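Student: Take me through the disulfides of this chain, please. How is each one set, and what surrounds them?

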Amino acid sequence: MLLNAVARGLAWALSFGATVHAYANPGACSGDCWAHDPAVIRRSSDGTYFRFNTGSEIGIWKSSALTGPWTYQGKVVPNGSIIDKAGNTDLWAPDVRLVGSTYFLYYAVSTFGSQDSAIGYATSSTMEAGSWTDHGSTGISSSAGKAYNAIDPNLIQAGSSYYMTFGSFWGDIYQVAMSSDATKASGSSYQIAYNSSGTHAVEGAFVYYRENYYYLFFSAGICCGFDTSKPAQGAEYSIKVCRSQSVSGPYVDASGKSCTAGGGTTLLASHDKVYGPGGQGVFADPTYGTVLYYHYADTSIGLADSQYQFGWNTVNWSGGWPSV
């Protein structure tokens, strides 16, 4: 009887990654592999890969392969955002999507620790440096006293409709319906993930659709400054996931716990030389299948934000939940 119970528990852990933490190391990367909150997309016309990072006016890197060599191309908005807020020349958390025949890059304008934030966007037909036009705000913004912080945007298409998922700390992750051209918020926002403990350290949401489920990936924990103030073990960034059959939720983790009640199954955490993985995204690649990408500190290189590396892993979907 006891042996059967142990076997059942082990099977559940292996299926859902609840207690077994054997993570694969990141895939190869050559060239310029610095990354922070990366956004990766493969250009539909010729298969060229583009990577965009947090910082300055959103840098552009390009490669013929996911593995590199990655080369720096320039900035998305060289003069900064037209959104008139502090931080408009140090843009955060890019998210890139092909909407129709146009590439949209969403970004956040804010400063560290502030709720005076807004989500803007720029467009391009090619994603090349010099081709982007900044359009300013999507109408998603926040100020002191609001339930959320309007940073870390992520666009998802559900049927013929678009939704923006966003948020960081405060009330954590929110979502709002977007206009049919994906340029403006068109409804009221609602909460889809929340952890009431501590500082509510949940952010960087990314929604990915696969086989009748929407998967909500997010970063939990402390993101930055590891070289000057290393968090307690386990308090650093890690990547978690919940899922729902509706884009707007409710989202639950592999144990059935609601994502608005602190739920979240750990997908990737610190291991080997990988420390504090987060700022993630997911896409379907013709060579590797489903790919999870993120930034992390390589402990053999250093823990400073300026030393973060671009990481990626192929995703296994055994049992209907992702694992790496």
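**The disulfides**

Tutor: Cys223 is buried, with a relative accessible area of 14% (buried means under 20%, exposed over 50%, partly exposed in between, using a 1.4 Å probe and protein chains only). This is a predicted model, in which local features need pLDDT of at least 70 and side-chain atom pairs count only at pLDDT 80 or more, while totals for chains, interfaces and linings use all residues. Residues are numbered from 1 along each chain as its sequence is written, and side-chain values use heavy atoms, with hydrogens and water left out.

Cys223 bonds to Cys224, S to S 2.1 Å. A disulfide here is a pair of cysteine sulfur atoms within 2.5 Å. The torsion about this S-S bond is about -100°, so the link is left-handed.

Now take Cys242 and Cys259. Their sulfur atoms are 2.5 Å apart. The torsion is 85°, and this link is right-handed. Cys242 sits in strand β15 and Cys259 in the loop between β15 and β16, so the bond ties together parts 17 residues apart in sequence. Strands (E, at least two residues) are DSSP runs, numbered from the N terminus. Both Cys242 and Cys259 are buried.

Then there is Cys29 with Cys33, S to S 2.1 Å. Its torsion of -105° makes a left-handed link.

Counting bonded cysteines along the chain, the pattern is 1-2, 3-4, 5-6.

Next, the surroundings. Beyond four places in sequence, Phe310 contacts both Cys29 and Cys33 (contact means heavy atoms within 4.5 Å). Its other contacts include Leu66, Trp70 and Tyr294.

Phe310 also belongs to the largest nonpolar core, which has 31 residues. Such a core is a set of buried Ala, Val, Leu, Ile, Met, Phe, Trp, Tyr and Cys residues joined through side-chain atoms within 4.5 Å. Phe310 is among the residues with the most contacts inside it, along with Leu66, Phe217 and Leu292. The strands that each supply at least two residues of this core include β14 (213-220), β15 (238-244) and β19 (309-314). The largest share, five residues, comes from β18. Apart from this core lies another, of 19 residues, including Ile58, Val77, Tyr103 and Ala122.

Methods. Helix = DSSP H or I, 4+ residues; strand = E, 2+ residues; numbered from the N terminus.
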